Amino acid sequence: MNTGRGFRIVRGVLLALFGVYFFLPLVSMANYSVRGKGPLEGEITFHYYAELVRNEDLRSAIISSLLLAVLTVVLMVVLLVPTMIWVRLRVPGVSRLVEFLCLLPLTVPPLVIVVGISNVYTRVNYLLGDSPHVLALAYVILVLPYSYRSIDSALRAIDVTTLAEAARSLGAGWLTVITRVVMPNIVSGVLGAAFIAIALVLGEYVFASLLHYDTMPVALAAIYKSETSTAIAGAFASIVLISLLLLALSYFNRHKSTDLAGVSE
């Protein structure tokens, strides 16, 4: 009994320390973004959040980052999901090679990747125009390791081979198998990969800065010295948006698990 009670006390203390370590900076950011001063100093105002919309350069950078996040997610899903399903069904022998290629960006620092693709982007800008949206091509590389793990976990949770063989025996083509048979069963994994990609794009600074594109992190860093509170408001709003997306994913997974349990009963 004493051992169990001591364990609960230690666990409670560790959780409290973790909460202070994790949430105290967020509380400080929230306070500074609505007051512009130290703790509990000044009146509460949402002027700095309004500046995110009123400032034309900052507004344009935020819109560019949001569109860039959407493009990155679309490219990631179109490239990764069919490839992983096809490899698992038709050529499982190369699954290790695909995994190695997808996880490779983890071993290469982003700065090195930027140096390597800077000359490539000169040609990309010539063909597609000097728009921040072309960064989606590079961001897909950055999100591959995290997206791969999320989708791979979802695929491991189902019997892909049996589902595909059953659909094929009923006359379904490979496109139907991928989009209407397998995809609905790995929605949680795809959503997890998408939310991770959004979080990475909204916070990525190295690529955008060194390749000279105006995205939200670059714009916030540029105004930080002159309008600190506005920059903190933008950063805090980004954190809140990403947290809401993760909460929505958790709710979706819990709701889906409840539905599956009800069907099995």
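Predicted model: local features only at pLDDT ≥ 70, side-chain atom pairs only at ≥ 80, totals over all residues.
## Overall build

Start with the secondary structure: the protein has 12 helices and zero strands. Read from the N terminus, the elements go α-α-α-α-α-α-α-α-α-α-α-α.

Sequence distance matters when you look at who touches whom. Take the contacts between residues at least 6 apart in sequence: 74% of them join residues at least 24 apart.

## Surface and charge

The protein has 265 residues, and 35% of them count as buried. Its accessible surface comes to about 16,100 Å², with 67% of that belonging to carbon and sulfur atoms.

As for charge, there are 18 positive and 15 negative charges in the protein.

## The nonpolar core

The largest nonpolar core is made up of 63 residues. Inside it, I151, I186 and F207 are the residues with the most contacts. Helix α3, which covers residues 56-89, gives the most to this core, with 14 residues. As background, nonpolar side chains tend to be buried together in soluble globular proteins.

I151 is a handy place to start looking around. Setting aside residues up to four places away in sequence, I151 touches M76, L80, V81, M84, I186, G189, V190 and A193. Among those partners is I186, itself one of the residues with the most contacts inside the core.

## T215, in a loop

T215 lies in the loop between α10 (206-210) and α11 (216-223).

What surrounds T215, once neighbours within four places in sequence are left aside? The contacts of T215 are A61, S65, L68, P132, L135, E204 and A208.

## Y49, in a helix

Y49 is found in helix α2, residues 47-54. With a relative accessible area of 21%, Y49 is partly exposed; buried would need a value under 20%.

Not counting residues up to four places away in sequence, Y49 touches S33, V34, A233, F236 and A237. Take the pair Y49 and F236: they are 187 residues apart in sequence, yet their C-alpha atoms are 9.8 Å apart in space.

Terms used
Residues numbered from 1 in each chain as written. Heavy atoms only, no water. Helix = DSSP H or I, 4+ residues; strand = E, 2+ residues; numbered from the N terminus. Buried < 20%, exposed > 50% of the residue type's maximum accessible area, 1.4 Å probe, protein only. Contact = heavy atoms within 4.5 Å. Areas by Shrake-Rupley, 256 points an atom, 1.4 Å probe, with all protein chains shown as cover. Lys, Arg positive; Asp, Glu negative; His and termini not counted. Charge placed at Lys NZ, Arg CZ, Asp CG, Glu CD. Core = buried A, V, L, I, M, F, W, Y, C linked by side-chain atoms within 4.5 Å.
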